[in-house]
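Subject: Structure handover

Hello,

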Amino acid sequence: MHSLAQGSARKIAPLVAIALLAVFSAAPMAHAGPVKSLMKNMKQEMQSALNSSSMPAFRQHFALLKSDVQQASKQSYRSDQATYDKGIAQLQKELAVVEQNIQANNLQGAKDSLKNINKTKKHYHDLLG
């Protein structure tokens, strides 16, 4: 019986090693997942806000966008954390301008301010690849 258990262990050990290798090699990709998911959500909420026909609808999408940005600000970015952090900080400054328009109940101004963020988005996406 003892040799049977050893034989089974020898067959399982390579499978365990392969499984561990797969898990560890996928770790960097899994780490990038939250940032990518948040960016996708931000894009959707931004578009929904821009398509809003009322201030309440705009506010709702803007609140979700801000929440995603806040979550993104807490994420690490694989190779260039400083540029990522700078881009998020710039985005937060620009969102504050949108918020000022919301407080003034200026839907068109809020939309225009939100559209201006596309320049920053493109700039940092180009830098970060």
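Below is what was found, beginning with the whole chain and ending with single residues.

Please keep in mind that this is a predicted model. The mean pLDDT of the protein is 82, and 75% of its residues reach 70 or more. One stretch needs care: across residues 12-31 the pLDDT is below 50. Beyond near neighbours in sequence, that stretch has one contact in the model.

Overall fold

The protein has four helices and zero strands, and along the sequence its pattern reads α-α-α-α. Of its 129 residues, 28% count as buried. Taking contacts between residues at least 6 apart in sequence, 65% join residues that are at least 24 apart.

Nonpolar core

The largest nonpolar core contains 23 residues. Within this core, F58, L65, L95, V98 and L114 have the most contacts. At least two core residues come from each of α1, α2 (55-73), α3 and α4. As for L95, leaving aside residues up to four places away in sequence, it touches F62, L65, K66, V69, L114 and I117.

Largest pocket

The volume of the largest pocket is about 580 Å³. It is lined by 23 residues, of which V35, M39, M42, K121 and H125 are the closest to its centre. Two or more lining residues are given by each of α1 (2-50), α3 (81-103) and α4 (107-128). The most come from α1, which gives seven. Sorted by class, the lining has 14 nonpolar, five polar and four charged residues.

Single residues

- T83 has its place in helix α3. Is T83 buried or exposed? T83 counts as buried, because its relative accessibility is 17% and the cut-off for buried is under 20%. Not counting residues up to four places away in sequence, T83 touches Y124, L127 and L128.

- S48 belongs to helix α1. With a relative accessible area of 28%, S48 is partly exposed.

- K115 is in helix α4. The relative accessible area of K115 is 45%, so this residue is partly exposed. K115 and Q47 are 68 residues apart along the chain, and their C-alpha atoms are separated by 9.4 Å.

- N105 sits in the loop between α3 and α4. What is the phi of N105? The angle is near 60 degrees, a positive value in a residue other than glycine. N105 counts as exposed because its relative accessibility is 54%, and exposed means over 50%.

If you have time for one part, start with the pocket: its lining takes seven residues from α1, and M39 and K121 are among the residues closest to its centre. After that, go to the core, where L95 is one of the residues with the most contacts.

Regards

Terms used:
Residues are numbered from 1 along each chain as its sequence is written. This is a predicted model: local features need pLDDT of at least 70, side-chain atom pairs count only at pLDDT 80 or more; totals for chains, interfaces and linings use all residues. Side-chain values use heavy atoms; hydrogens and water are left out. On a 1 Å grid over the protein atoms alone, a cavity is a set of points where a 1.4 Å probe fits but cannot get out, and a pocket is an open set with protein on both sides within 12 Å along at least five of seven lines; lining residues have an atom within 4 Å of a point. Grid points are joined across faces, edges and corners, and a volume is the space filled by probe spheres set on the points. Ala, Val, Leu, Ile, Met, Phe, Trp, Tyr, Cys and Pro count as nonpolar, Asp, Glu, Lys and Arg as charged, and the others, Gly among them, as polar. A nonpolar core is a set of buried Ala, Val, Leu, Ile, Met, Phe, Trp, Tyr and Cys residues joined through side-chain atoms within 4.5 Å. Buried means under 20% relative accessible area, exposed over 50%, partly exposed in between (1.4 Å probe, protein chains only). Contact means heavy atoms within 4.5 Å. pLDDT is the predictor's confidence in each residue, from 0 to 100.
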